[in-house]
Amino acid sequence: MREGILEGGDSGKPAAVPGQSANSQLFQRVSSADPDFRMPPEGARLSAEQIALLRAWIDQGASWAEAGEEE
């Protein structure tokens, strides 16, 4: 699953660039005020605290460890 986040999707850009939240599509979308760009497109947005946690996670390398999966 981590590989999917680090590889380019439909946009050709990775969802997360470890260590670089400002260059990560995921962070850009959840923090955007643009209704045509933001994520999620409908419904409740992430809280400021959740966005800060996401930013910190990406900036710290987007470490991901699932049972039986190496980073």
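This is a predicted model: local features need pLDDT of at least 70, side-chain atom pairs count only at pLDDT 80 or more; totals for chains, interfaces and linings use all residues.
# A guided look around helix α3

Visitor: How do you know that the span of helix α3 is close to the one expected?

Guide: Helix α3 covers residues 48-59, which makes 12 residues. From its first C-alpha to its last it reaches 16 Å, and 16 Å is also what one expects at 1.5 Å a residue.

Visitor: Which residues of α3 are buried, and what puts them on the same side?

Guide: The buried ones are I51, L54 and I58. They cover an arc of only 60° around the axis, so they lie on the same side of α3. The buried residues of α3 pack against α2. On the other side of α3 you will find A48, E49 and L53, which are exposed.

Visitor: Let's move to α2. Why is V30 called buried?

Guide: V30 belongs to helix α2. Its relative accessible area is 2%, and buried means under 20%, so V30 counts as buried. Beyond its neighbours within four places in sequence, V30 is in contact with M39, R45, L46, I51 and L54. For L46, the separation from V30 is 16 residues in sequence and 6.9 Å in space, C-alpha to C-alpha.

Visitor: How do you know that the side chains of S21 and R55 make a polar contact?

Guide: They come to 3.3 Å, and the cut-off for such a pair of N or O atoms is within 3.5 Å.

Visitor: Why is the pair of W57 and W64 called tilted?

Guide: A search of the whole structure finds 1 aromatic pair. The ring centres of W57 and W64 are 6.2 Å apart, and pairing asks for centres within 6.5 Å. Their planes stand at 55°; stacked needs under 30 degrees and edge-to-face over 60, so this pair is tilted. W57 is partly exposed, because its relative accessibility is 25%, while W64, at 16%, counts as buried.

Visitor: What makes R29 a charge over the ring of F37?

Guide: The charged end of R29 is 4.1 Å from the centre of that F37 ring, and the distance limit is within 6 Å.

Technical notes. Residues are numbered from 1 along each chain as its sequence is written. Side-chain values use heavy atoms; hydrogens and water are left out. A polar contact is a pair of N or O atoms within 3.5 Å; within protein, one must be able to donate a hydrogen and the other to accept it, and residues adjacent in sequence count only if both atoms are side-chain atoms. Rings of Phe, Tyr and Trp (its six-membered ring) pair if their centres lie within 6.5 Å; planes under 30 degrees apart count as stacked, over 60 as edge-to-face and the rest as tilted. Buried means under 20% relative accessible area, exposed over 50%, partly exposed in between (1.4 Å probe, protein chains only). A charge sits over a ring if NZ of Lys or CZ of Arg is within 6 Å of the ring centre and within 35 degrees of the ring normal. Helices (H or I, at least four residues) and strands (E, at least two) are DSSP runs, numbered from the N terminus. The expected span of a helix is 1.5 Å times one less than its number of residues. The arc is that of the directions from the helix axis to the C-beta atoms. Contact means heavy atoms within 4.5 Å.
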